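This briefing is meant to be read beside the sequence and the structure.

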Amino acid sequence: MAESLSTDVLILGGGVAGLWLNARLRQQGFATLLVEKASLGGEQSVKSQGIIHGGAKYALHGALTGASEAIADMPRRWREALAGNGELDLRGVRLLSDAHYLWSPGTLAGNLTSFFASKAVRGRVDQVKGDALPPALQHPKFKGKVYRLAELVLDVPSLITRLAELAGDSLLAGREVAPLREDGQLVGLVIDGRAVRAQRIVLSAGAGNQALLEALGLSQPAMQRRPLHMVMVKAPSLKPLYAHCLGGGPKPRITVTSHPAADGQWVWYLGGDLAEADGVARNEAEQIAAAEQELRQLLPWIDLSTAQWATLRVDRAEPAQSGLVRPDNAFLAEQDRLLVGWPTKLALAPDFADRVLAVFERDGVRPSANPPLPALPRPTVAQPAWEELLG
Ligand code: FAD
């Protein structure tokens, strides 16, 4: 068996939640070890659209919801971190867009009265016109209204790379996890045959939390998966667009984000209602046809004749909710030394870390003396899916 290790906090899962938490804990002097079984960010985080929501989307229902309130402070916290004066130093992370937009084709704006009346968006939404429009919408044929939201969009691969830097030597590539018990108490985990003792263990493994809980003989907290069928399109004619396009319903008809491919072209990544229930039921060819039809209808001037298309199936992992309702905040459950959670959104990674730190504060968990870590096998950062699928 490899040499055993001890640390203050053992974190399982190197997506945005685990990496953000790890960086905050290290900053506060905690010894940490973060175990990643595949690639850093490779499950949901690098497949996300990178929008740092402030809750405006959820105010589309017209009613103020818990989500709109809890998430409202996230853009400010992320902006400060990106500027180097926030809770983490994220200078160097690529900001793809300083704003996200709401785009209402045709006459739908009339339905937005209650949206603009809601507290979640009041004073934080401005209509934009002319050359203030997102480049992809600057066309004489464009009809409709566009509103600038005080939200931002990040290049997630560069975020994960930065968080991995902030992790220093605390990362371990490891696959097999078993409980380490003493006198019937969980005191750590055995990772690929190596015993790791810790004051606290945090499971932040996204969809992997369920299997980890099972390996520890636990069935709670229960998890749900929300399947999505996303679409990617790459074409020389595409210009950057970061927008929720409104349909009649409470959810955006389509959410477009734009990502730089290694060959210099833009990839549009399409989510929103398109990627949900009906989209999940479609096969890849049907889903591409549906996406192409949406784009041709909404943006008929864009030349898609040489476009490359692909789809990506990915599940969101969240705490179980009745009726697959979207949870409002980061979620954290506790059981003795074990903490388990899901941020439920990339944007809410800071909230997830806050919740863990609040538990440590309450329980008097403090940094302690630990021997330095030996050189450990280090996980790599995930590549964006479009490089693989549209490369
Ligand atoms: P993950 O990113 O899934 O990371 C979990 C990690 O744990 C993985 O790296 C995995 O390999 C690892 N792991 C699993 N099992 C084990 C194990 N046994 N041992 C060790 N490691 C393990 N949110 C937003 O705020 N804005 C958006 O625009 C947005 N867009 C999205 C678009 C899509 C298509 C999807 C799917 C999600 C989107 N989200 C968005 C949600 C967001 O991506 C997730 O809430 C967030 O990334 C979850 O982070 P995480 O660290 O909990 O999980």
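## A buried tyrosine and its surroundings

Tyr101 counts as buried, because its relative accessibility is 11% and the cut-off for burial is under 20%. The model is predicted, and the points below should be read with that in mind.

- Tyr101 belongs to strand β5, which spans residues 100–104.
- Leaving aside residues up to four places away in sequence, Tyr101 touches Val128, Ala132, Pro134, Val146, Tyr147, Arg148, Leu149, Tyr242, Ala243 and His244.
- Between Tyr101 and Asp126 the C-alpha to C-alpha distance is 9.5 Å, with the two residues 25 apart in sequence.

**Overall fold**

- The protein contains ten helices and 19 strands, and of its 391 residues 55% are buried.
- Among contacts in the protein with a separation of 6 or more, 72% are accounted for by residues 24 or more positions apart.

- Helix α1 (residues 16–27) and helix α9 (residues 349–363) have axes that come within 9 Å and cross at roughly 50°. This angle makes α1 oblique to α9, and the crossing of the two helices is right-handed.
- On the α1 side the contact is made by Val16, Ala17, Trp20, Leu21, Arg24 and Leu25, while α9 contributes Ala349, Pro350, Phe352, Ala353, Asp354, Val356, Leu357 and Phe360. By class, the residues of the contact of α1 with α9 divide into twelve nonpolar, no polar and two charged.
- Helix α3 (residues 74–83) also has an axis that comes within 9 Å of that of α9, and here the crossing is at roughly 90°. The angle therefore makes α3 roughly perpendicular to α9, since angles of 65 to 115 degrees are classed in that way.
- In α3, Met74, Arg77 and Trp78 meet Ala349, Pro350, Asp351 and Asp354 of α9. The residues of the contact of α3 with α9 divide into four nonpolar, no polar and three charged.
- Ala349, Pro350 and Asp354 of α9 are named in the contact with α1 and also in the contact with α3.

**Backbone geometry in loops**

Most residues other than glycine have a negative phi, and most peptide bonds are trans.

- Pro221 lies in the loop that runs between α6 (209–215) and β13 (223–235).
- Asp183 is exposed because its relative accessible area is 81%, where the cut-off for exposure is over 50%.
- With a relative accessibility of 42%, Asp192 counts as partly exposed.

How values were computed
Residues are numbered from 1 along each chain as its sequence is written. This is a predicted model: local features need pLDDT of at least 70, side-chain atom pairs count only at pLDDT 80 or more; totals for chains, interfaces and linings use all residues. Side-chain values use heavy atoms; hydrogens and water are left out. Helices (H or I, at least four residues) and strands (E, at least two) are DSSP runs, numbered from the N terminus. Buried means under 20% relative accessible area, exposed over 50%, partly exposed in between (1.4 Å probe, protein chains only). Contact means heavy atoms within 4.5 Å. Axes are lines fitted to C-alpha atoms, for helices over the stretch in contact, and angles run from 0 to 180 degrees between N-to-C directions. Angles under 35 degrees count as roughly parallel, over 145 as roughly antiparallel, 65 to 115 as roughly perpendicular and the rest as oblique. A crossing is left-handed if the near helix is turned anticlockwise from the far one by less than a right angle, and right-handed if clockwise. Ala, Val, Leu, Ile, Met, Phe, Trp, Tyr, Cys and Pro count as nonpolar, Asp, Glu, Lys and Arg as charged, and the others, Gly among them, as polar.
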